[in-house]
Amino acid sequence: MTSPTEAEHKPSIRPADESRTLPSGEREFFMDVATSDLEVNMGPQHPATHGVMRVLLRTDGELVTGAQPHLGYLHRCAEKIGENVEWLQYLPYTDRYDYLSAMNNNLSYSLAVEALMPELEIPRRGTMIRMICAEMNRIASHLVAFGTYGLDIGAFTPFFYAFREREWIQALFEKICGARLTYSYIRIGGVFNDTPPGWLQEVADFCDVFEEKWQEYYDLLIENHIFVQRTANVGVISEEMAYDFGLTGPMLRGSGVDFDLRRDMPYLEYGQAYDAGAFRVPIGTGEKGTVGDCWDRTQVRMVEMKECLGLVRWCLEQIEPGPVIGDVPKVIKVPPGEAYVGIENPRGELGHYMHSDGGKIATRCRVRAPSFVNLAVLEDLMPGTLLADSVAIIGSTDIVIGETDR
Amino acid sequence: MDFQAIADHLSVAKVPGLLSVELPRSPDKKIKDKGRSGLPYVCLDPSCIVEFLMFCRDDEALGFEVLVDLTASDPSSDDENLWILVQLLSVRHRHRLGIKCILPKSALSMPSSTKVYRAAQWHERECMEMYGVTFEDHPDPRNMLLPDDWVGYPMRKDYVFPKEYHGISCE
Amino acid sequence: MFALVQNGGGVLAQTPNEGTNFLHELLLWLPLPEWIPGWALVLGAVGAGVGILVGLVSFIALWSVWMERKVSGHMQCRNGPMYAGGWHGWAQTIADGIKLFQKEDMIPIGADRVLFVLSPAIVLASIFGALAALPLSYDWYFARMDLGIFTILAIGSTTTIGVIMAGWASNSKWSLYGAMREAAQVVAYEIPLGIALMVPLITLGTFSLLDASALQSGFFGMGWAIFQNPLCLPAFIIFWIAALAETKRAPFDLPEAESELVAGFLTEFSGIRWSFFFMEEYAAMFLMSVVGAVFFFGGFESPATYALRMAGMEGTIVFSLVCFGTLVLKAFTGVFLMMWLRWTLPRVRIDQVMTMGYKYLTPLALICVLGAAIWEAVLHIVLN
């Protein structure tokens with residue numbers, strides 16, 4: 001989209017010889033009236049942009065003819081900070097990129113640092129608790145996506161139902177690590193502390209209750225005819241477009257690509273879990289419209305929530321007593337090397353590239369944030385849609401600006 | 001394919017610009033678990049990056065459809081080079097590749113990979129503003145996260161924080 | 001039709017005299033000094049009427065806001081207001097009203113001051129005008145109008161002008177979007193609204209609300225229009241959808257779509273001006289519900305009124321109160337239904353709104369009218 005300003009046209013009437021006389025005897029003049037597209041700022045404060053993001057829209061009435069996202073409102077220099085604090089001190093910063101799935105952020109960072117420390121043994125109980133927390137956090141994150149998407153589309157009630165379940169998950173997390181949103185629980189070497197007594201049983205209870213509620217939410221919003229009309233055939237991302245833009249996670253799976261890092265490039269014990277049939281990977285099939293439309297992506301997230309329950313149940317069966325954290329010194333010194341580890345965040349592939357020169361502080365801490373990459377499709381998806389559709393599209397990308405800006 | 005196989009395939013195909021293959025610089029050689037190893041990467045001549053990425057994307061055996069990450073790294077303020085790091089992912093073959101290009105700080109310019117992968121566009125914008133790398137023929141070289149009038153390249157190791165910005169003190 | 005009502009066993013309700021209304025009659029009945037001229041009494045009646053109307057609209061707004069908050073709360077598995085005033089926060093709206101009243105009156109720079117100040121007034125004035133044609137009971141009405149429903153629809157549609165003025169005068173692009181959507185939506189749904197209302201008009205045969213209600217008094221007070229003609233049910237559904245669109249309620253709340261346009265045409269209005277718009281919204285909801293109640297569901301009639309009429313208590317205050325109560329009950333059921341729909345359904349996109357209005361509802365409404373007319377003709381032939 002080129003520079004916003006356009007010359008103002010004053011309406012002018014062309015000279016008399018460019019008029020003509022109609023059969024009724026009236027003279028018909030030609031007016032040269034230019035209408036320019038309306039340029040509207042969507043954000044930085046806007047109910048639908050999921051955070052502080054500015055999208056400069058150019059619209060012709062209700063039709064969007066250009067969209068340009070402007071980022072940086074939540075840029076907190078996480079990568080620069082990573083080069084100035086010690087390895088363990090950086091962990092709370094990882095919580096705060098994608099604050100809705102902090103466990104997964106901690107996990108990605110810890111796995112990247114552990115990749116540079118090959119002699120470090122992670123105990124199995126630690127791995128199992130990591131998996132349970134990561135999957136519960138995935139459910140919590142997808143609940144927010146579901147609730148806020150309903151809000152964007154205009155259905156006010158599912159938001160409250162989603163947050164009711166999320167409150168339970170947050171209460172569970174509060175019991176285990178003391179925090180409701182930014183946990184810093186999954187640490188280098190394992191997890192911080194063991195589960196309190198009764199916690200695992202409560203997780204099992206949650207899974208049973210949530211399974212019934214899931215069906216209700218699916219029927220209430222996802223199968224609602226008006227919702228389907230608003231999201232089907234809107235914001236279609238084809239497979240080639242998804243590859244070209246580097247999309248991962250539900251954005252990629254919504255376009256029909258059968259790829260999930262947990263199953264295909266497994267970390268922790270997801271490979272064993274998949275082989276045991278604990279979970280399946282949903283993909284978009286174009287059931288209500290086209291493959292890769294907003295409905296497909298939303299449906300992938302919904303079904304993923306249900307599959308997480310299977311994973312959590314498998315981990316609950318597999319877990320055994322034991323230590324939860326490996327032999328990690330108080331001040332961690334990571335041997336020199338470089339590592340890139342990407343895991344399946346609820347939003348896509350969250351990758352950490354760590355470069356260590358053997359000291360207490362990292363030399364380079366790069367965060368490959370899925371929301372940052374997923375957001376780039378907006379420039380190509382939004383032109384040609386109506387204003388209401390652009391809200392639906394932004395909602396279906398499920399971005400968190402903390403991650404986009406870091 | 002594992003990394004060794006990819007590297008062999010690349011050298012056999014005589015892809016232009018391939019300089020060397022680096023295995024992880026971790027001191028412990030007893031790495032058996034592939035998921036826990038450090039990052040192996042191929043070292044590339046920066047001017048050939050577009051052809052290289054095109055080969056990686058279009059070759060059947062490699063099939064790297066997705067550009068996962070494109071970033072830069074400043075190893076230290078004494079070092080006269082800057083690293084450009086690219087991560088590729090193949091969805092159908094389920095393997096990854098790391099690419100490193102070394103650019104001298106005095107001549108920080110290389111071709112833009114936007115023609116090959118559209119995902120590179122925003123990553124390159126971030127590199128340009130944070131490190132001062134110039135990507136030639138980039139379609140939209142605006143600042144990504146920083147304000148348009150920011151002075152300096154923040155992610156470099158020798159960056160000095162400004163004392164104030166538009167009258168607001170940064171102490 | 002009249003034969004049907006009489007054969008149903010109901011006694012046709014008596015309708016009051018022409019020329020005056022109950023306020024004027026009340027003033028005439030009071031022992032006032034001789035030197036007060038006649039026109040002063042008329043003016044007094046008018047003033048009292050305006051006062052009652054203002055009170056009515058205020059009460060409707062008060063009650064509806066509280067009801068909306070409680071209804072939405074319980075549908076969302078939470079409580080809603082609980083503290084203000086003690087029992088379930090009944091005084092919450094009063095507290096909100098006081099708060100809004102004392103807020104700073106902000107008019108944005110560059111806003112068209114005249115239109116900005118005028119738009120809430122126009123919106124509220126048109127609703128007052130429409131409500132003035134509404135009878136509160138058989139004896140309690142402000143003016144006896146033969147074209148009651150016509151007046152209501154005509155004056156009620158001038159709210160759109162106020163909304164568009166509000167959107168334009170705010171000097172904000174988002175408000176303009178809301179105003180444009182409102183214009184398109186309301187114009188599109190006026191048509192099915194009017195046409196769908198023609199079905200009970202054909203069934204009952206009168207434009208006047210009092211007579212329409214009286215004609216539904218058969219069958220022990222349950223001889224409602226919706227039972228008199230099978231096409232009244234689809235007509236009611238079309239009327240209801242059009243009424244939702246007219247009052248800008250979800251699923252047609254695009255003009256003030258919260259999650260897209262911040263607050264649509266209302267964005268720049270704060271404090272008392274905003275409360276005017278909301279009083280208008282709830283009063284319009286009430287108005288549409290009352291129209292639906294009177295023309296489809298019997299209006300003042302119910303088994304209670306039938307019983308009172310049988311007991312010979314027609315014309316008494318108790319009878320009027322029961323009629324009023326019946327109407328209000330039916331109207332608030334309609335308002336509750338509108339609220340229920342708001343908190344359940346997502347929003348429809350503007351082009352889908354227009355498609356539905358022009359391509360589906362209007363032809364359906366026309367078919368209903370045709371069918372209703374055929375039904376009435378056939379019935380007339382069969383019975384005579």
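## Where chains A and B meet

In this predicted model, 38 residues of chain A are in contact with 34 residues of chain B. Contact means that the C-beta atoms of two residues, placed from the backbone, lie within 7 Å. Several elements of chain A each supply at least two residues of the side that touches chain B: α1 (78-82), α3 (102-115), α8 (239-244), β10 (337-345), β11 (348-356), β12 (364-368) and α13 (370-375). Helices (H or I, at least four residues) and strands (E, at least two) are DSSP runs, numbered from the N terminus.

β10(A) gives the most to this side of chain A, with five residues. By class, the side of chain A that touches chain B has 18 nonpolar, eight polar and 12 charged residues. Ala, Val, Leu, Ile, Met, Phe, Trp, Tyr, Cys and Pro count as nonpolar; Asp, Glu, Lys and Arg count as charged; the others, Gly among them, are polar.

## Chain pairs

Two pairs of chains are in contact, and chains A and B share the most contacts. Chain B and chain C do not touch. Their nearest C-alpha atoms are 25 Å apart.

## Two domains in chain A

Chain A is divided into domain 1 (12-70) and domain 2 (78-405). Domain bounds come from an automatic or database domain assignment. The C-alpha centres of these two domains of chain A are separated by 42 Å. Their contact takes 16 residues from domain 1 of chain A and 18 residues from domain 2 of chain A.

On the domain 1 side, β6 (54-60) and β7 (63-70) of chain A each supply at least two residues. β7(A) provides the largest share, seven residues. By class, this side of domain 1 of chain A has eight nonpolar, seven polar and one charged residues.

## Two domains in chain C

Chain C is divided into domain 1 (20-79) and domain 2 (112-383). Their C-alpha centres lie 20 Å apart. The contact draws 15 residues from domain 1 of chain C and 18 residues from domain 2 of chain C.

Helix α3 (residues 38-75) of chain C gives the largest share of the domain 1 side, 13 residues. That side of domain 1 of chain C has 10 nonpolar, four polar and one charged residues.

## Numbering and confidence

Residues are numbered from 1 along each chain as its sequence is written, while chains are lettered from A and ligands numbered from 1 in the order in which they are written. In this predicted model, local features need pLDDT of at least 70, side-chain atom pairs count only at pLDDT 80 or more, and totals for chains, interfaces and linings use all residues.
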